[in-house]
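Walk through this model one feature at a time.

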Amino acid sequence: MIIIPGLLYREEDDVIELRTPTELDAMRAAGAVVADMLAAVRAAAAPGVRLTQLDEVARGVLADAGATSPFLGYAPLSTTPPFPGVVCLSVNDVALHGIPTTQELVDGDLLSVDAGATLDGWVGDAAITFPVGTPRPADLRLVDTTTRALAAGIAAAVPGNRVGDISAAIAAVGRAGGCGINTDQGGHGVGRTMHADPHVPNEGRAGRGVPLRAGLVIAIEPWFLAGGDDDYRVDADGWTLRSADGSRAAHVEHTVAVTNDGPRILTASR
């Protein structure tokens, strides 16, 4: 592995950019918009509200901030239809990438909201999961486990560690909580694009993977399946990812900068 100022080269020659303090401040501004989107959607979510209405709420926050959405129209593959919303809204057994449809929320639903914003060319990406209306104790335990796993992953995002240290920290919490964990989808680099190297799996071996250097920015995003089965299935729409066993799912995420002063959460609330 060759390290040069400003760039981190992996063995397979993928380039990972390291951000300056000024660039991190600009990314923090984008991240603050994401935090506002999540707060607004959470405040609006209630039984009887349609997912399309929540997407409109998020669009309003973006417009007020002069930001755009990296989600809207996103199509990672030529066979993938462009994503039609500015937030992913995943209900109950939907773990990731739920499309904002006309589905109405009902009391007791578990809702995951994944939001992104692009401001002045920089991207922020974060997610929350919360109960709608009357919470189920099992859902609260799932959300707590997933939130604690995110905190453990963030705590491991320090110079001198490796990506595997983040992955191992996340998985230790999830497995102890009896959750299913799949590594097909996970964290990723963030910068001027929504997805970049390195991939940050939600399970892995400590001491392995890309070294963490000051200036590296990554999205850390555990998503756990309550039933303990690691498998999932994808709906015919090409986006909606559900637990294979029908159990509920939770997804939480922050965009985090590795710094010499410790992890800096760029998508924290203002």
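Two strands pair if DSSP finds at least two bridges between them. Strands are DSSP runs of E with at least two residues, helices are runs of H or I with at least four residues, and both are numbered from the N terminus. This is a predicted model, in which local features need pLDDT of at least 70, side-chain atom pairs count only at pLDDT 80 or more, and totals for chains, interfaces and linings use all residues. Residues are numbered from 1 along each chain as its sequence is written, and side-chain values use heavy atoms, with hydrogens and water left out.

Start with strand 6 (residues 110-119) and strand 7. They run antiparallel and are joined by ten bridges. Thr118 has Val123, in strand 7, as its bridge partner. Strand 7 covers residues 122-131 and is mostly covered, with eight of its ten residues buried. Buried means under 20% relative accessible area, exposed means over 50%, and partly exposed lies in between (1.4 Å probe, protein chains only).

Now look at the turn of this hairpin. Two residues sit between the strands, and Asp120 takes a positive phi near 55° there. Asp120 is a residue other than glycine. Its place is the loop between strand 6 and strand 7. Asp120 counts as exposed because its relative accessibility is 70%.

Asn92 is not a glycine, yet its phi is positive, at about 60°. Asn92 lies in the loop between strand 4 and strand 5 (94-96). At 17% relative accessibility, Asn92 counts as buried.

Gly187 has Val200, in strand 10, as its bridge partner. Strand 10 is also the place of Pro198. The peptide bond from Asp197 to Pro198 is cis, with omega near 5°.

Turn to the aromatic rings. The structure holds three aromatic pairs. Rings of Phe, Tyr and Trp (its six-membered ring) pair if their centres lie within 6.5 Å; planes under 30 degrees apart count as stacked, over 60 as edge-to-face and the rest as tilted. Tyr74 and Trp239 form a tilted pair, at 6.4 Å centre to centre with 45° between the planes. Tyr74 lies in the loop between helix 2 (51-65) and strand 4 (87-91), and Trp239 in the loop between strand 13 and strand 14 (241-243), so this pair ties together parts that are 165 residues apart in sequence. Tyr74 is partly exposed at 27% relative accessibility. Trp239 is buried, at 9%.

Trp239 also pairs with Phe83. Phe83 lies in the loop between helix 2 and strand 4, so its pair with Trp239 ties together parts that are 156 residues apart in sequence. Phe83 counts as buried because its relative accessibility is 3%. Ring pairs link Tyr74, Phe83 and Trp239 into a cluster.

Which residues lie nearest the centre of the largest pocket? They are Tyr74, His97, Gln185, His195 and Trp239, out of 27 lining residues. Strand 9 (187-189) and strand 13 (232-234) are the elements that give two or more residues to this lining. On a 1 Å grid over the protein atoms alone, a pocket is an open set of points where a 1.4 Å probe fits, with protein on both sides within 12 Å along at least five of seven lines; lining residues have an atom within 4 Å of a point.

Finally, the cysteines. A search of the whole structure finds zero disulfides, a disulfide being a pair of cysteine sulfur atoms within 2.5 Å. Cys88 is buried, at 7% relative accessibility. Cys179 is buried too, at 4%.
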